[in-house]
Amino acid sequence: MDIASTTGIGDAPPEPSPPPLIRREDYAPYPWRVPTTELRFVLGVDKTTVQAKLKVERNPHANPANVLRLNGDGLKPAGVWIDGSLANSWEMDGDDLLITLPGDAHEVSIDTQIDPAGNSQLMGLYASNGMLCTQCEAEGFRRITFFPDRPDVLSTYTVRMEGSKADFPVLLSNGNCTASGEGEDGSHWAEWHDPWPKPSYLFALVAGQLVANTDSFTTMNGRKVDLAIWVRPEDLSRTDHAMESLKRSMQWDEQAFGREYDLDVFNIVAVSDFNMGAMENKSLNIFNTKYVLADQETATDGDYDAIEGVIGHEYFHNWSGNRITCRDWFQLSLKEGFTVLRDQLFSAAMGSEPVKRIEDVRVLRSVQFPEDSGPLAHPIRPDSYREISNFYTATVYNKGAEVIRMMRTMAGEERFRRGTDLYFDRHDGEAATCEDFVTAIEDGAGLDLADFRRWYQQAGTPKVSAKLEHVGDTATLHLEQAVPATPGQPDKRPMPIPLKIALFDRKSGKHHGEQLVTLTEAQQTFSFAGFDESPVLSINRDFSAPVAIEREVADEDLVFLAANDDDPFARYEAMQDLVVGHLRGLLSGSVDAAKRDSGRAAIGEAFRAVIADGELDDLMRGELLTLPGETYLAEQMLVADPAAIRAEREGLKAWLGQSLESDLVAMHERAAAAPGGMSAEAKGARKIKTSALVFLAAGNPDLAETMAAAQYDAATTMTDRQGALMVLTSLQGPQRTHKLLDFYNRFKGNALVIDKWFALQASSLHPSVLEQVKALAGHPDFTLKNPNRVRSLYMPFTGTAQGFHAASGGGYKMIADLILELDPINPQTAARFVSPLGRWRRIEPERSALMKGELERIAAAPKLSRDTYEQVTRSLG
Ligand code: PHE
Ligand code: ZN
């Protein structure tokens, strides 16, 4: 063969070919079935050998093929056997192994060898603090052995692990431990069998020096399930909250969805090196330590809530994900959207329903809305990808949950339950599609979802403009929807949008009942008789649809709703609208000084009412006192100037801090006297203490510094301590340095708390945040190898107007440098940092050019991972 012609020697250097585009419409069933899979591991941190034995048979429902294509990623087969004989009828195609099989059923065995310690991507089998663990979703199993690594190939797994008893005293895999014993030279082994057929992405193995918090749960039909949470010995005392959360999840899923657990054991393992939050491997969930470990001294109330939510999420996947899995990765929202909805409903039931709803909407608006209006916009069921890891997004997860929530709203709780019962019943044991889900809800709940399916096809946040007219005794609501163009989707069709509304009587402050109107056309009007006076419109109550409402509304109506609306979400929304409208006016220059003062006065009046309202619980009060975030404000503008947004928002904060100073100080004092503990009351008190400090810090920095330092010193919880330190970190007084040092020394060695120490500094309002983050990157505790540490320093930084968006471009350069340095180590985590730069089209021209320049610099790098390549090219395209 002519080497020169294939390598391009003598020509221009070869262009690396872009990673292939995978399309949803190209789906074809796999030609083979794999009824059983046997895996034998001889474990070592630097060298692990894997023997895989697969029973394969032809799939009668697929186009026949004589070749068995097994996916691999960086593997070499050390030997291939067919029906017990060493075979040579195989070849490599790139990373894949192709084996030609003569008959209809065979036993194929393959030996491979891997290096867990060298696996810095944290996909496949890797080492973390001396222990071994796996992460296989989405395509990590192919880094362990050759396999049809796709979710529609279900197999029953038997796993044998052998290794040093001293290094790996605990050996875990999916299902039940069926046998174990001692070997020679201090080795031991264990065999595990999982009776439930599963796709390879749900395989898991853990080996290490772990101890367990154990408990049990008895299911509704009397099955006793042994529960264990495995951690390093020094972490054992911080696992009780996770265990309680697990038991509550198991019980709630029985009550709310009729789902019972289906094995005798359920294990959770906490690892400190993990790319995501947690993973739902069948009966062996693997968690980021962040979502397991908590005690009052080291975890905030927010951390406690997040742990409960993620424990629930992974547990709920046992049915929505494992018993019914996905046909292909385009269907990811089938399991993720539904499971997020399930975890949201669970958390709401365990705590405050309205507060949980507000928090969920805040995440949607600050993360998913920008995604939906930027270059990475995609439908909840995407049409194509190059790297599936890039599609574990707020759109697939959170908008996916909102879409299913709308079906629930339209059907009502009871009928929706009939729909989900039918779905679980009809598709149990299958690899299903989003279409299967919608059809089951349609059939079970008795809904017509023909047009509603467009929510799965079309990207972009719909804009709904609403106008209320009043003539005679009739109020008429004019609604209009527009779904914006998104990459690859220039033209959109109207989608059914369920909007909960109420019309308030101005005098009584009451309404005549909430109604659900569904906007199905581009434009529609709805009339309501019986109003002598023009009513006040409350719309998209409970955030019944994930849309942006645009309407002209008088400040006095918003002040009215903020005080009177009986829907807590709508009350919060009125406060947000009041502030957004005010700041938008200032930022567009359409507001003069006199109007600014009247706008501030209206906001101040609403805030004072919220502080004084004796009916409100403090958790809700804290929500109502939260100003809309800078990203959400930027989202309101076609092109945003981050510095101007910061200045106006801080200006308002300072004004509120000054004009409400005595109310805020009194609120702080009252809350500081509240009892501790984990009751809603105690959590609410802690929340508003820090809210008070946030406003006071803007209005009266010296007073806030004294109060925050006192709160820090008196703190018995991480919530109080972190809240105080957050405020101090954004100030410039001497207490900043004192308390940061104290915090570091106090928690040295506790990785999760040191993450907070990095994050607080990286998110601060301090003018030198860019230099500070640069210095922290050189701190001995900083490492690019641990994703939690990387995220804790750089993610909060991308939200800083004065740092990331520094006019010099230094912040953009810092993130681009990070991406380039991290990409060869951990591409999945590196690619997550592209989207902040991808906002360039929506930022004022000078910064925009700098951001684009950094993206181009990344794109020009000689070798990029598929992950980063895809995100950068989409961001520039
Ligand atoms: N499936 C996990 C979840 O949402 C997320 C995950 C994806 C974890 C990929 C690791 C890798 O529950
Ligand atoms: Zn999930």
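This is a predicted model: local features need pLDDT of at least 70, side-chain atom pairs count only at pLDDT 80 or more; totals for chains, interfaces and linings use all residues.
Me: How do you know on which side of H7 its buried residues lie?

Reply: The buried residues of H7 are Phe 416, Gly 419, Thr 420 and Tyr 423. They cover an arc of only 95° around the axis, so they sit on the same side of H7. Glu 414 and Asp 425, on the other side of H7, are exposed.

Me: Helix H16 next, please. How do you know what its 12 residues should span?

Reply: H16 runs over residues 661–672, and at 1.5 Å a residue its 12 residues should span 16 Å. The end C-alpha atoms of H16 are 16 Å apart, so the two values agree.

Me: And what makes you say that the buried residues of H16 line one face?

Reply: Leu 664, Met 667, His 668 and Ala 671 are buried in H16. Seen down the axis, the buried residues of H16 fall within an arc of 100°, and therefore line one face of the helix. Ser 662 and Glu 669 are exposed on the other side of H16.

Me: Why is Pro 845 called exposed?

Reply: Pro 845 has 10 other C-beta atoms within 10 Å, so it is exposed. Pro 845 is found in helix H27, residues 845–859. The C-alpha atoms of Pro 845 and Val 639 are separated by 8.5 Å, though these residues are 206 residues apart along the chain.

Me: What makes strands S2 and S3 a pair?

Reply: Two strands pair if there are at least two bridges between them. Nine bridges join S2 (residues 32–42) to S3 (residues 48–58), so by that cut-off they pair, and they run antiparallel. Glu 38 has Lys 53 in S3 as its bridge partner, and a hairpin of five residues joins S2 to S3. S3 is also joined to strand S9 (residues 105–114), by 10 bridges, again antiparallel. There, Thr 48 stands opposite Ile 114 in S9.

Me: Why are S10 and S13 called edge strands?

Reply: The open sheet of four strands has the order S10-S11-S16-S13, with antiparallel pairing. S10 (124–128) and S13 (170–173) each pair on one side only, and are the edge strands. S13 pairs with S16 (residues 205–208) over four bridges, with Leu 172 opposite Val 206 in S16.

Me: Lastly, what makes up the shell around ligand 1, by class?

Reply: The shell has four nonpolar, four polar and four charged residues. Among the residues surrounding ligand 1 are His 313, Glu 314, His 317 and Tyr 392. Strand S20 (278–279) and helix H3 (301–316) each supply at least two residues of this shell.

Conventions. Residues are numbered from 1 along each chain as its sequence is written. Chains are lettered from A and ligands numbered from 1 in the order in which they are written. A residue is near a molecule or strand if its C-beta atom, placed from the backbone, lies within 6 Å of it. Ala, Val, Leu, Ile, Met, Phe, Trp, Tyr, Cys and Pro count as nonpolar, Asp, Glu, Lys and Arg as charged, and the others, Gly among them, as polar. A residue is buried if 20 or more other C-beta atoms lie within 10 Å of its own, exposed if 12 or fewer, and partly exposed in between; C-beta atoms are placed from the backbone. The arc is that of the directions from the helix axis to the C-beta atoms. The expected span of a helix is 1.5 Å times one less than its number of residues.
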